[in-house]
Amino acid sequence: MTLTTCPSSRPSTPNSSSPPAPSTGDQLWLIEAKDYAYQEANEPKNLVAVVAEKVMDTLAGLHAGTRDGHTDREMREMCRKTVRARTLYVALRTDLPGAQPHAGRGRQAAAQQAMANYRQQLDRSLRRVVNGKVHVITGRENPPTVPWTTGWNEAGRRAHRQM
C-alpha cells in the first residue's frame, strides 16, 4: 500500500504526472495497485477484505509510529504528519480482465460492474475510517477524480510476473 499526503486543493494541472507536493498534509491518500489483467493472474476471493485490512493495518502502523521509541525521529515525524491529515482517501487502482479497451463489450461490462461492486463494498467496509472518498479505478484510464496519472508498460508487466 502506498501513502501520500497532499495539500487540500487540487493540483493546478489535473492529472499531472506526479501528485502535488506535500505541504500542509490536509489529505492522506492510501493507494493500492493490483494487476489481474494478465493470463496467469489469480484474483483473491475477497479483494475488498484484503484492501480493507491493508488500510486498517497501515493506519495502525502510522499511529504506532508516532510514539517515541518506535522509529527514528524522521520516521516518527512523517507518521505524525500523516495521522494529522484532515481527510483520508482510499484508492484501489486495478486492472481486471476485460477492462482493456480492446476487450469485448460483455467483458468490459463485467469488469465495470466488478469495479462498481468493489467501490460499494469498500465504502461499506471503511465507512468508519474514511471521511474522504473511496476510488476504484482501472489502470487503463486517468480519471480527473484523482490527482495523479498511472501507466504500465508491457516490459514492466513481464518483470512483475517474474517476481
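The model is a predicted one, in which local features need pLDDT of at least 70 and side-chain atom pairs count only at pLDDT 80 or more, while totals for chains, interfaces and linings use all residues. Residues are numbered from 1 along each chain as its sequence is written, and side-chain values use heavy atoms, with hydrogens and water left out.

The chain contains four helices and four strands; these are DSSP runs numbered from the N terminus, with helices being H or I of at least four residues and strands E of at least two. Their order from the N terminus is β-β-α-α-β-α-β-α. Of the 163 residues, 40% count as buried, where buried means under 20% relative accessible area, exposed over 50% and partly exposed in between, for a 1.4 Å probe and protein chains only.

The strands may be taken next. Strands count as paired if DSSP finds at least two bridges between them. Strand β2 (residues 27–35) runs parallel to β3 and is joined to it by nine bridges. On its other pairing, β3 meets strand β4 (residues 134–138), again in the parallel sense, over five bridges. Within this second pairing, A91 stands opposite H135, and L92 has V136 as its bridge partner.

Both β3 and β4 are well covered. In β3 (residues 87–95), eight of the nine residues are buried, so the strand is largely enclosed by the rest of the structure. In β4, five of the five residues are buried, so this strand too is largely enclosed by the rest of the structure. From β4, V134, V136 and T138 point one way, whereas H135 and I137 point the other way, and all are buried.

Because W29 belongs to strand β2 and Y89 to strand β3, the pair ties together parts that are 60 residues apart in sequence. Both W29 and Y89 are buried.

The helices complete the picture. In helix α2 (residues 73–83), the buried residues are R76, C79 and T82. Seen down the axis of α2, these residues fall within an arc of 125°, so they line one face of the helix; the arc is that of the directions from the helix axis to the C-beta atoms. An α-helix has 3.6 residues a turn, so residues three or four places apart point the same way. The face of α2 turned away from the buried side carries the exposed residues R73 and E74. E77, also in α2, is partly exposed, with a relative accessible area of 36%. Its C-alpha lies 7.0 Å from that of T66, eleven residues apart in sequence.

In helix α1 (residues 47–64) lies T58, which is buried at a relative accessible area of 18%. The side chain of T58 reaches the backbone oxygen of K54 at 2.7 Å.

Technical notes: Polar contact = N/O pair within 3.5 Å; in protein donor to acceptor, adjacent residues only side chain to side chain.
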